[in-house]
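Please look through the sequence and the three-dimensional model shown here, and then read the report that follows beside them.

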Amino acid sequence: MQIQYKPRRSWLGTIFQTEILQGMGLTLRRLFSRPITRQYPDERPQIRPGFRGQHALVRDPATGDCKCIGCMRCAMVCPSRCIRIRSHKDKEPGSRRVIDCYRIEALRCVYCGYCEEVCPVNAIVLTEVYEYSRYERPSLYFTREQLLANWDRFVAQMDKPVKEYVNPFWRPRGQAERNLTGPKRLPVPPEWSGEQQVVGRKWRQHLPPEQS
Ligand code: SF4
Ligand code: SF4
């Protein structure tokens, strides 16, 4: 079946070309309304809770290494199949799994955030860093060392102590406390917990007038 769209037009509209006048009227109205474009990079956007930027592996201050325990959940849940992990376990009983290789192919990532949501120890995070475009593809295949360096850079640019940084994905919305693993039971600002979580349009109310 063929569907044809034929806009209705009155004979007056045909004679006087009213669409042109409507278009000019719209242009005139926009001339006097507040611009919605941002003069980037002079004007920087305010990062909102739940922003999903550059990947990083959280550096454990106790060991100086990543917190990853090699459970493979992130690699299994990733819809883009862009996480590669290789690990081994020492033969001694009770020894932890050792991560040999952890890689993320950022170019294939769809920034769904499933990896950080599913991680039981808050090892992987999508940071608030959004400026990391490159000219070469290989530099966007993040190795473990690069992911740890990403975390270090992110921490250095944060205006608050690391302990106060809580990623909303570490505390998935609507999840009962009993369903969360220990590291995910971090204290969160009240507006990020449960029904009070401020996301999307509601967040605009919290912005200064010039950014809302
Ligand atoms: S954000 Fe989504 S697509 Fe990207 S690495 Fe994580 S799970 Fe995969
Ligand atoms: S889910 Fe977390 S702990 Fe498990 S392999 Fe991925 S980053 Fe490591």
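## A salt bridge at glutamate 105

Glutamate 105 has a relative accessibility of 22% and therefore counts as partly exposed, a class that lies between buried (under 20% relative accessible area) and exposed (over 50%), as found with a 1.4 Å probe on protein chains only. Its side chain meets that of arginine 108 in a salt bridge, with 3.2 Å from N to O, and arginine 108 is itself partly exposed at 34%. A salt bridge here means a side-chain nitrogen of Lys or Arg within 4 Å of a carboxyl oxygen of Asp or Glu. Side chains of opposite charge can pair when their charged atoms come close.

This is a predicted model, in which local features need pLDDT of at least 70 and side-chain atom pairs count only at pLDDT 80 or more, while totals for chains, interfaces and linings use all residues. Residues are numbered from 1 along each chain as its sequence is written, chains are lettered from A and ligands numbered from 1 in the order in which they are written, and side-chain values use heavy atoms, with hydrogens and water left out.

Across the whole structure, four salt bridges are found. One of them joins arginine 44 and glutamate 131, with 2.6 Å from N to O, and this pair links distant parts of the chain, since arginine 44 sits in the loop between α2 (18–31) and β1 (55–57) and glutamate 131 in the loop between β4 (124–126) and β5 (141–142), 87 residues apart. Arginine 44 is partly exposed at 41% relative accessibility, and glutamate 131 is partly exposed at 43%.

Another salt bridge pairs arginine 59 with aspartate 152, whose closest N and O atoms are 2.8 Å apart. Because arginine 59 lies in the loop between β1 and α3 (73–77) and aspartate 152 in helix α5 (residues 144–157), the pair ties together parts that are 93 residues apart in sequence. Arginine 59 counts as partly exposed at 30% relative accessibility, and aspartate 152 is partly exposed at 32%.

## Two ligands and the cysteines

Which residues come nearest to ligand 1? Of the 14 residues around ligand 1, these are Cys78, Cys109, Cys112, Gly113 and Cys115, where a residue is near if one of its heavy atoms lies within 4 Å. The shell of ligand 1 divides into eleven nonpolar, three polar and no charged residues. Here Ala, Val, Leu, Ile, Met, Phe, Trp, Tyr, Cys and Pro count as nonpolar, Asp, Glu, Lys and Arg as charged, and the others, Gly among them, as polar. Cysteine 109 counts as buried, at 16% relative accessibility.

Ligand 2 is surrounded by 14 residues, of which Cys68, Cys71, Met72, Cys74 and Cys119 are the closest, and its shell holds twelve nonpolar residues, one polar and one charged. A search of the whole structure finds zero disulfides, a disulfide being a pair of cysteine sulfur atoms within 2.5 Å. The sulfur of cysteine 66, for example, is 5.3 Å from the closest cysteine sulfur, that of cysteine 68, and so is too far for a bond. Cysteine 66 counts as buried at 10% relative accessibility.

## The overall fold

The secondary structure comes to six helices and five strands, taken as DSSP runs numbered from the N terminus (helices H or I, at least four residues; strands E, at least two). Along the sequence they follow the pattern α-α-β-α-β-β-α-β-β-α-α. Buried residues make up 31% of the 212 residues in the protein.
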